[in-house]
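The tour below goes through charged pairs, one selection at a time.

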Amino acid sequence: DINRRSRLEVATFFRELGFAVVPFKASKKLPLITGWPTLDVARCDDAFLNHWWGNGHSNDLGVLVASPLVIVDIDGPGDPAVALDWIRNRPRLTEAPYEITTRGCHLWLTCPDMPADTRDAGKIAVTLPGAINVELFVKRGAVRTTPSGLSSGGQYSFAKTGPVPEVPWAELRQVFGIAERA
C-alpha cells in the first residue's frame, strides 16, 4: 500500500515508474531545488533521493508531469465530496487512480494524442458547473503527491490505486468542457 510507505520508498517507486521526483518544502507548494522544470529521471538517482528523503527527512515530494501523463486537480467548492461525486458520475474517470486533497482530488490519466501545442501550455484550467475548479497539469508542472502534507494538516493519500488509464484527447475535452484552441 503506497499510503503506508516512507517518503523515500514513494520517491523510489515514482522514479521506477519513470517520473522525475521533485522535493518540496513540507506542506508547501514550493520546490526546494532550482531548475526543477528541467529535472529528469536520470538526475533522480539513489543519491538524490536519499539526500531529499532519506534519514527521516520530511520533505514533501511531487512528480514532474511529462507526456503522456495528465494529473487532473479537481476541487469542489469547500467540500472534497463535491469533486468526488462529480467523478463518480463519469464512469470512465472512475477507472483512474486518484488521491485525496484538501478540497478534492488528483486524478491520474494518460493522453498520448493530446496536441503538442496544448501540452506545451503546461496547464489547462476550467470551471465546471457547481463551481468545481479543474486544473489539468499536462507538461512540466510539478504536482505534489502522496505522502506530502496538506494545508489542512492531513496528507495526500491514494483512495484508489491501479493502472493509469489512457483517455483520448477528444474524450478529455468533452468530459472537462475544454474549448478547442484556435
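Keep in mind that this is a predicted model. Side chains of opposite charge can pair when their charged atoms come close. Across the whole structure, a search finds 10 salt bridges. Some of them are visited here.

Start by selecting R15 and D46. Their closest N and O atoms are 2.9 Å apart, and the two residues form a salt bridge. This pair links distant parts of the chain, since R15 lies in helix α1 (residues 7-16) and D46 in helix α2 (residues 46-53), 31 residues apart. Is R15 buried or exposed? R15 counts as buried because its relative accessibility is 16%, under the 20% cut-off. D46, at 48% relative accessibility, counts as partly exposed.

Next, select K123 and E135. A salt bridge joins their side chains, at 3.1 Å from N to O. Here too the pair links distant parts of the chain: K123 belongs to strand β6 (residues 123-128) and E135 to strand β7 (residues 132-137), 12 residues apart. K123 has 42% relative accessibility and counts as partly exposed. E135 counts as partly exposed as well, at 25%.

Now move to R92 and E95. Their side chains meet in a salt bridge, with 3.1 Å from N to O. The relative accessibility of E95 is 41%, so E95 counts as partly exposed. For R92 the value is 25%, which also counts as partly exposed.

For the last stop, select R7, D60 and R144 together. What links these three residues? They are connected in a network of salt bridges.

Methods:
Residues numbered from 1 in each chain as written. Predicted model: local features only at pLDDT ≥ 70, side-chain atom pairs only at ≥ 80, totals over all residues. Heavy atoms only, no water. Salt bridge = Lys/Arg side-chain N within 4 Å of Asp/Glu carboxyl O. Helix = DSSP H or I, 4+ residues; strand = E, 2+ residues; numbered from the N terminus. Buried < 20%, exposed > 50% of the residue type's maximum accessible area, 1.4 Å probe, protein only.
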